[in-house]
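Me: Please take a close look at a single part of this model and describe its packing in detail, with the cut-offs stated.

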Amino acid sequence: MDSARGETPLETKLKALIRREGPIGVDAYMRACLHDPEHGYYRRRLAIGAAGDFITAPEISQVFGELIGLWCAVVWQQMGAPARVNLVELGPGRGTLMRDALRAARIVPGFHGALAVHLVESNAALRAIQEETLAGTGTPLHFHTDADALSSAEHLPAAPTLIVANEFLDALPIAQLEFAGGDWRTRTVALGAGDGGLCFAADMTTRATPATQPTDRAAREGDILETCPAHDALAALLAARARHGPLAALLIDYGHAATGYGDTLQGVAGQAHVSPFHAPGETDLSAQVDFRHFAAACASAGLAVDGPLPQAELLGRLGIVERASRLMAANPARAAEIEAGVGRLLAPSGMGSRFQALGVRNENVAALPGFER
Ligand code: SAH
């Protein structure tokens with residue numbers, strides 16, 4: 001932060017851009033805040049974990065990654081235990097989920113021998129941490145900077161593929177529309193008339209057409225609709241991967257199961273919610289995932305979807321209570337900590353219901369574990 005002007009370097013850069021070229025879309029703003037090559041949050045900051053800006057399920061409890069590891073091994077068995085399988089994680093953070101998953105899945109004979117682990121991570125500093133976290137697992141690691149790798153048989157061998165992603169979808173840039181002056185308009189980031197600070201403004205010069213709209217009521221002045229073109233792009237990449245062999249993906253994120261009106265773009269710094277304009281480039285930005293839309297995009301790309309289910313329900317069906325009890329019995333000194341962690345993952349008014357899990361697979365792969373009806 002430049003304390004003289006109270007501005008981050010990215011804020012200075014974006015203000016100059018807006019002064020020169022006019023307001024920018026919310027998607028461009030979010031992309032710059034997260035991925036600007038010099039000042040983007042995910043390019044520089046190591047923000048995940050108890051001491052960071054935000055804490056995620058695998059950082060809260062080892063049981064989370066362990067259950068996902070067992071889920072992967074069971075899906076592999078359901079696929080007929082193929083000799084080669086790609087295990088891909090999108091946005092692996094500190095590598096904690098993958099470490100816990102690989103450890104737990106050791107009990108399934110043959111699974112480790114079949115595995116090639118692929119990590120899709122845009123942040124170089126996090127890639128180094130993932131390498132360190134996973135050094136002891138004895139599994140060869142392949143790194144990719146972009147989810148585009150999913151579509152190519154050159155980057156990811158043509159083989160059955162398991163994909164896991166926790167809090168990846170919420171980090172992909174959203175665009176927003178605002179209902180203003182009786183029509184939908186692109187919502188932009190502009191400079192305020194008074195202090196010249198960053199602010200939201202509807203672009204009144206053009207009309208925009210929303211791709212999907214909530215069905216519960218007609219739009220009212222000031223309503224916001226969000227779209228995430230990157231989610232459509234990811235659905236297409238999953239479909240492209242599914243053409244190289246059987247595919248099963250598990251995506252967990254905070255979000256809603258129905259498309260609604262509302263602004264969900266939020267900043268998080270020091271484990272507290274802040275304005276999206278707070279210290280641009282030094283604040284994490286994310287948005288709630290519209291699971292209904294993402295599931296529909298996967299379905300129209302030719303994939304089958306299971307769920308979404310609330311996180312608590314999926315983890316319950318995968319046996320989180322039994323696993324936590326066994327772990328507590330084996331580690332009495334850590335029992336309270338284990339119980340508290342699992343409690344947070346399942347909390348009905350917290351992560352247990354705010355997070356949703358979605359399964360995505362080829363039509364000819366059986367319904368995924370935890371999602372069977
Ligand atoms: N899954 C981890 C981290 C979640 S944070 C956990 O649960 O703890 C989001 C992760 O996605 C980070 O690792 C971030 O660097 C990565 N990421 C964000 N946008 C990305 C993109 N477009 N391509 C690849 N990785 C991305």
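Reply: Contact here means heavy atoms within 4.5 Å. The model is predicted, so local features need pLDDT of at least 70 and side-chain atom pairs count only at pLDDT 80 or more, whereas totals for chains, interfaces and linings use all residues. Residues are numbered from 1 along each chain as its sequence is written, and side-chain values use heavy atoms, with hydrogens and water left out.

Gln356 lies in strand E16 (residues 355-361); strands (E, at least two residues) and helices (H or I, at least four) are DSSP runs numbered from the N terminus. Leaving aside neighbours within four places in sequence, Gln356 is in contact with Leu251, Ile252, Asp253, Gly255, Ala257, Phe291, Pro308, Leu309, Pro310 and Gln311. Gln356 is buried, with a relative accessible area of 9%, where buried means under 20% (1.4 Å probe, protein chains only). Its side chain reaches the backbone oxygen of Ser353 at 3.3 Å.

Phe291 also belongs to the range of helix H10 (residues 291-300), whose axis comes within 8 Å of that of helix H9 (residues 229-242), crossing at roughly 35 degrees. Axes are lines fitted to C-alpha atoms, for helices over the stretch in contact, and angles run from 0 to 180 degrees between N-to-C directions. The contact is made by His231, Asp232, Leu234, Ala235 and Leu238 of H9 with His293, Phe294, Ala297 and Cys298 of H10. Among the residues that Leu238 touches, not counting those up to four places away in sequence, are Phe294, Cys298 and Val360.

Technical notes: Buried means under 20% relative accessible area, exposed over 50%, partly exposed in between (1.4 Å probe, protein chains only). A polar contact is a pair of N or O atoms within 3.5 Å; within protein, one must be able to donate a hydrogen and the other to accept it, and residues adjacent in sequence count only if both atoms are side-chain atoms.
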